[in-house]
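Thanks for passing this one along. Here are my notes, as numbered points to read beside the model.

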Amino acid sequence: MPSPTLPTPNTSYPASTKQAAGHIDGLLTDVTCTSFSDKIMVTITQEGRLAQWIHVPLSVFNPTSTDQYLPTATSEDSLLPMTHLTPKTLLGGSNPQRETIGQLYATQIASIIAMKKPHEKRTVLVGLGLSKFEVSRAVFYDTIDLVRKCI
């Protein structure tokens with residue numbers, strides 16, 4: 001009886017993972033970025049919770065977008081999320097405010113990844129577990145800066 005053939009191991013496994021932690025608005029916030037062959041997963045947790053999952057495909061480009069005809073972004077505009085990214089809430093987002101804030105975080109994170117790696121086509125999966133969803137500008141920027149340390 002012939003011996004079974006084993007699949008060739010994929011050299012990209014185990015998936016690479018980076019982590020960062022910091023205090024944001026007085027709460028310990030943990031960020032983990034894991035790169036799989038088909039997805040990039042980013043989790044942002046406070047007090048060990050994960051309450052919302054959003055995905056943002058980087059491979060989808062809207063051909064009617066006028067971004068390509070606009071002048072290049074200034075340093076101030078580079079903080080804005082890319083307009084062709086379309087987030088979709090998979091789980092959580094129990095009210096419109098929570099869903100909107102979650103999608104804002106997910107789109108901003110996907111924009112950072114797309115700007116850092118312009119040829120990236122994997123889907124970005126963002127898991128959020130924020131204790132408070134009343135987001136101030138300072139909290140948003142501090143959270144995004146913490147995510148940048150992982151990406």
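1. I started with Tyr105, which is buried, at 0% relative accessibility. Please keep in mind throughout that this is a predicted model. Tyr105 also belongs to the group of residues that touch the most other members of the largest nonpolar core, together with Val31, Val42, Ile44 and Ile109.

2. That core has 31 residues. Which elements give two or more residues to it? They are strands S1 (16-24), S2 (27-35), S3 (39-46), S4 (52-57) and S6 (123-129), along with helices H1 (96-116) and H2 (137-148). The most comes from H1, with eight residues. As general background, nonpolar side chains tend to be buried together in soluble globular proteins.

3. Back to Tyr105, now for its ring. The structure holds two aromatic pairs. One of them joins Tyr105 and Phe140, with 4.9 Å from centre to centre and 50° between the planes, and it counts as tilted. This pair links distant parts of the chain, since Tyr105 sits in helix H1 and Phe140 in helix H2, 35 residues apart. Phe140 is buried too, at 12% relative accessibility.

4. Setting aside neighbours within four places in sequence, its contacts include Thr29, Asp30 and Val31. Ile44 is also in contact with Arg49, Leu50 and Ile109, among others. Further along the chain, its contacts include Gly127, Leu128, Gly129 and Leu130, as well as Thr143 and Val147.

5. Now the cysteines: how many disulfides does a search of the whole structure find? The count is zero. Cys33 is in no disulfide, and its nearest cysteine sulfur, in Cys150, is 4.0 Å away.

6. Last, Ser16 in strand S1. Is Ser16 buried, exposed or partly exposed? At 48% relative accessibility, Ser16 counts as partly exposed. Beyond residues up to four places away in sequence, Ser16 touches Cys33, Thr34 and Ser35. From Ser16 to Ser37 the C-alpha distance is 10.0 Å, for a separation of 21 residues in sequence.

How values were computed:
Residues numbered from 1 in each chain as written. Predicted model: local features only at pLDDT ≥ 70, side-chain atom pairs only at ≥ 80, totals over all residues. Heavy atoms only, no water. Disulfide = S-S within 2.5 Å. Core = buried A, V, L, I, M, F, W, Y, C linked by side-chain atoms within 4.5 Å. Buried < 20%, exposed > 50% of the residue type's maximum accessible area, 1.4 Å probe, protein only. Helix = DSSP H or I, 4+ residues; strand = E, 2+ residues; numbered from the N terminus. Contact = heavy atoms within 4.5 Å. Phe/Tyr/Trp six-rings, centres within 6.5 Å; stacked < 30°, edge-to-face > 60°.
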